[in-house]
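Please work through the following exercises with the sequence and the structure in view. Each task is followed by a solution in steps.

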Amino acid sequence: MNTRLQAGKTVLLSAAAYYVYLPLPSGVSEPWKLMLLDALFRSFMQSDVAHTLGVCHRVHLLNRIVSWVEEIEARSCTAVHVADSTLGGVPTRVFQPKGGKQLKRGVIYFHGGGWVLGRMRSYDLLCRKMAEELDSVIMSVDYRLAPEAVFPDQYHDALAASRAFLSAQVLERYSIDPERVCVSGDSAGGNLAAAVAQEVENLTAKFKVQALIYPVLQALDFYTPSYQQNRAVPILYRPVMARFWLQYLGADMSLEPLLLANNHSSLDQPAISGSTRSKLDWTALLPAERKKHFRPVVKETGSPGVMGKVPQLMDVRAAPLLAEQGVLGRTPKAYVMTCEFDVLRDDGLMYVRRLQSAGVAVTSDHYEDGFHGCMVFAYLPMMSSVGQRSMNNYIHWLDQNL
């Protein structure tokens, strides 16, 4: 019996190890932690039983699991007062440091999650740390999510919350210095933060800085070097990013293969001008060490009508990298974090180059051992060294520049 039990345990452990193990680039920080995280994420993403049976959408199932594990109530502590409120009608959690200077700095933050996942525990921990260490009021916005809400709903929520955040009434209520305010976010939230920063002319006050953490900024080229290099690197696989885009834009999910083949941005698409293509021409915008041996994938002929079905792909509010140079030049001083092992790396690096060309002061903070989402894993149980380093450096930059 003991022999059989031992053999059974060996088989189970071997099966678990086989499921968890994933070949990763040698430079990734703490690969086994990333493998475990990826295995957990894949388990949720591939749980299609409820979706197939019509019980609920797979995104709803994932969000319910995330909410059950990660959602926490607003809890104050000795250093920070935390309360749920609204900004421009959008649910928002406010983190106010107790004591400190009478006039505070202010940060409005948009969480990541592919425009489909809600705010997780790690964002509360991040905002609490920012409030305490920066002596700053942090407002974490719960914008609407796909599939119920699609573009431009999330953008409108972000803009409405930002306008309210910068209003004289809110600034006075929370004792925020109108000269020291920041818009920030990571991944999909970085997309929303960049889009909001481009609307500075239409806002009541001006953001002093924008801080973008591995932002997603375009959906016309799924063959940038980082998309090619990291197509199978967790936690953000290349096909998953295409699905997130289609869900966000409210498009037919059957278009995924066309996007992944760059058929939607072929040279015979009349909606895409040469000027637009130059704004994401990575052969000109990326440094040589990021281009490496990769080659552009540009189709001469593609799938007719795709841009007509999904014109939002060309909307600068959804794809901030496509903004005109004059618009970029009016945006505030920027911080852009990128990670080597992230399909979105080149979105961020191209944006850095375009902002610099527009005359905007930019700090490019790149992590050679980083992966997508690493900063939110600065805490237990999935604490990673690159997560802690990136979070501390992000907060340090805000402290020095805000």
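## The chain as a whole

The protein chain contains 18 helices and eight strands; helices (H or I, at least four residues) and strands (E, at least two) are DSSP runs, numbered from the N terminus. This is a predicted model, in which local features need pLDDT of at least 70 and side-chain atom pairs count only at pLDDT 80 or more, while totals for chains, interfaces and linings use all residues. Residues are numbered from 1 along each chain as its sequence is written, and side-chain values use heavy atoms, with hydrogens and water left out.

**Exercise 1.** State what share of the residues of the protein chain counts as buried, and what share of the contacts joins residues 24 or more positions apart.

*Solution.* Step 1: of the 402 residues, 56% count as buried. Buried means under 20% relative accessible area, exposed over 50%, and partly exposed in between (1.4 Å probe, protein chains only). Step 2: among contacts with a separation of 6 or more, 75% are between residues 24 or more positions apart. A contact means heavy atoms within 4.5 Å.

**Exercise 2.** Describe the span and the surroundings of helix α17 (residues 345-357).

*Solution.* Step 1: the 13 residues of α17 reach 19 Å from first C-alpha to last, close to the 18 Å expected at 1.5 Å a residue. The expected span is 1.5 Å times one less than the number of residues. Step 2: because 10 of its 13 residues are buried, α17 is largely enclosed by the rest of the structure. Among these buried residues are Arg345, Asp346, Asp347, Leu349 and Tyr351. Step 3: just after α17, Gly359 has a positive phi of about 90 degrees.

**Exercise 3.** Which residues of α10 are buried, and what follows the helix?

*Solution.* Step 1: the buried residues are Arg238, Val240, Met241, Ala242, Phe244, Trp245, Leu246, Gln247 and Tyr248. Step 2: nine of the 11 residues of α10 are buried, so α10 is largely enclosed by the rest of the structure. Step 3: Gly250 follows α10 and has a positive phi, near 65 degrees.

## Helices that cross

**Exercise 4.** Characterise the packing of helix α5 (residues 121-134) and helix α18 (residues 385-401).

*Solution.* Step 1: two packed helices are described by the angle between their axes and the distance between the axes. Step 2: the axes of α5 and α18 come within 11 Å and cross at roughly 40 degrees. Axes are lines fitted to C-alpha atoms, for helices over the stretch in contact, and angles run from 0 to 180 degrees between N-to-C directions. Step 3: this angle makes α5 oblique to α18; angles under 35 degrees count as roughly parallel, over 145 as roughly antiparallel, 65 to 115 as roughly perpendicular and the rest as oblique. Step 4: Leu126, Lys129, Met130, Glu133 and Leu134 in α5 meet Met391, Asn392, Tyr394, Ile395, Leu398 and Asp399 in α18. The residues of this contact comprise seven nonpolar, one polar and three charged. Here Ala, Val, Leu, Ile, Met, Phe, Trp, Tyr, Cys and Pro count as nonpolar, Asp, Glu, Lys and Arg as charged, and the others, Gly among them, as polar.

## Individual residues

**Exercise 5.** Is Phe341 buried or exposed, and where does it lie?

*Solution.* Step 1: Phe341 is located in strand β7 (residues 333-341). Step 2: Phe341 is buried, with a relative accessible area of 10%. Step 3: Gln229 is 112 residues away from Phe341 in sequence, yet their C-alpha atoms are 7.9 Å apart. Step 4: beyond neighbours within four places in sequence, the contacts of Phe341 include Pro25, Val28, Gln229, Pro234 and Phe371.

**Exercise 6.** Locate the cis peptide bond that joins Pro234 and Ile235.

*Solution.* Step 1: omega of this bond is about 5 degrees. Step 2: Ile235 lies in the loop between α9 (225-229) and α10.
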